[in-house]
Amino acid sequence: MKTFRSVGAFAAIAIAVSVAQAGDWPQYRGLAGDGKSVESIGQVSSDAMKVLWNVPAPLGFSSMSVADGLAYTLIARDDKETVVALDAATGQEVWSVPLGSSKYEQGGGDSGAPGNRGGDGPRSTPTVDGDRLYVYDSYMVLSCLDTKTGRVLWQHDVIAENEGRNIKWLNASSPLIEGNRVIVGGGGAGQSFLAFDKSTGDRVWASGDETVTHATPILAEVGGKSGVVFFTQSGLVAVGADDGQEVWRAKFPFSVSTAASPVADGDLVYCSAGYGVGAGLFKIDNQSTPQEMWYKSNELMNHWSTPVVHDGHLYGIFEFKKYGKAPLQCVELSTGEIKWNERGFGPGNCILVGDKLVVLSDAGEVVIAKATPTAYEEVARKQVLEGKCWSTPAYSDGKIFVRSTQQAACVAID
């Protein structure tokens, strides 16, 4: 079998050349989809953090993508999931386009900390590629829009066209761009994994017979070629990006919902899920079944908060349904040992900018801390948003872009 290693700088360079400037954050979890920014944060204090704008962003857990002066996210408006484009400098709405229904059979958004509950809505994050914007809504309709006008260029209904199988609380995964393809999951037997030509919308390949989860797939490098790792209900499944053919798989437990994406570091892949499942680490070699390095049942659970890896350590929000209380933790990747634990963040999300963490608490606080395994070292903190924050921060051109179920905001730190 072919070997695997994380896409890292290889993908970051490839994506940056084709779709984005170095300071852009064009998709869920950034330039390479790994939660890392190529920028850096210098000296900063709480007083130096300035909210440049704060605008209404009703409902939803969609994160923000930022490219070429515009910030994109999904909200709910007039009972429709609606993609909006905001001026990244002012927050002013440039255009909006209604998509599918924002009425759901199951209400997954009514949980939260006391005084900060309620507010369902879209979970997927738009993906920017040049002058195209790709959106995969809750009912598994993949849309390609013009970034400047919002004009719909093509659409595919995965449920209707590919015998799609939606899941409890509906789709939350975001579109993944690789080369000239946009990749999603959710089809039926023989077409659970799908790649479409990003320009024409023509189907390039279809493969697999898996039930997907809420986790967004990640890019990988397989045998010197681009590959994709899906986190399905059976576990991790890696396929070639050029043909969708399976390369390796690793069994991993499933219960109710898996929402955090896998995390790759060299030949190691970490994954985690809530609802009593836990976390595990796999080593990818020349075998079709990766080697399990460790597994911790009902521990190190990332509910939907995907951690980042830096210098052999994971940084992120752990524990399950600890609204308002879940900790930011540093975990040694090779062993699963917790190096430090700082409570009070709730199930928000964390990204890495240079050697610093940018953390969004579920109550709307933006915290900057050092990414060091020695101890928790907070640098700055500011209350930015009202409402519940189950989305991931974005970082572009020295600014932090965050949103809640009520508001979207931009914070300058220089």
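This is a predicted model: local features need pLDDT of at least 70, side-chain atom pairs count only at pLDDT 80 or more; totals for chains, interfaces and linings use all residues.
**Reading a buried serine, a core and a sheet**

Biologist: Does S404 count as buried or exposed, and why?

Modeller: Burial is judged by relative accessibility, with the cut-off for buried set at under 20%; S404 has 1% relative accessibility, and therefore counts as buried.

Biologist: What does the side chain of S404 reach?

Modeller: The side chain of S404 reaches the backbone oxygen of E386 at 2.5 Å, and the backbone nitrogen of Q406 at 3.0 Å. Once neighbours within four places in sequence are left aside, the residues in contact with S404 include A57, G60, L385 and E386.

Biologist: Which residues of the largest nonpolar core touch the most other members?

Modeller: That core has 34 residues, and I400 and F401 are the ones that touch the most other members; strand β36 (residues 407-412) supplies the largest share of the core, four residues. Beyond its neighbours within four places in sequence, I400 is in contact with residues including V358, I368, Y395 and V411. A second, separate core has 18 residues, among them I218 and L236.

Biologist: How should I read a sheet, and what is the strand order in the open sheet of four strands?

Modeller: Strands of a sheet pair through backbone hydrogen bonds, in either a parallel or an antiparallel manner. Here the order is β4-β5-β6-β7, with antiparallel pairing. Because β4 (65-67) and β7 (93-101) each have a single partner strand, one side of each is left without a neighbour in the sheet. From one strand to the next, the twist averages 25°. Eight bridges join β5 (residues 70-77) to β6 (residues 80-87), and I75 has T82 in β6 as its bridge partner.

Note on methods
Residues are numbered from 1 along each chain as its sequence is written. Side-chain values use heavy atoms; hydrogens and water are left out. Two strands pair if DSSP finds at least two bridges between them. Helices (H or I, at least four residues) and strands (E, at least two) are DSSP runs, numbered from the N terminus. Axes are lines fitted to C-alpha atoms, for helices over the stretch in contact, and angles run from 0 to 180 degrees between N-to-C directions. A nonpolar core is a set of buried Ala, Val, Leu, Ile, Met, Phe, Trp, Tyr and Cys residues joined through side-chain atoms within 4.5 Å. Buried means under 20% relative accessible area, exposed over 50%, partly exposed in between (1.4 Å probe, protein chains only). Contact means heavy atoms within 4.5 Å. A polar contact is a pair of N or O atoms within 3.5 Å; within protein, one must be able to donate a hydrogen and the other to accept it, and residues adjacent in sequence count only if both atoms are side-chain atoms.
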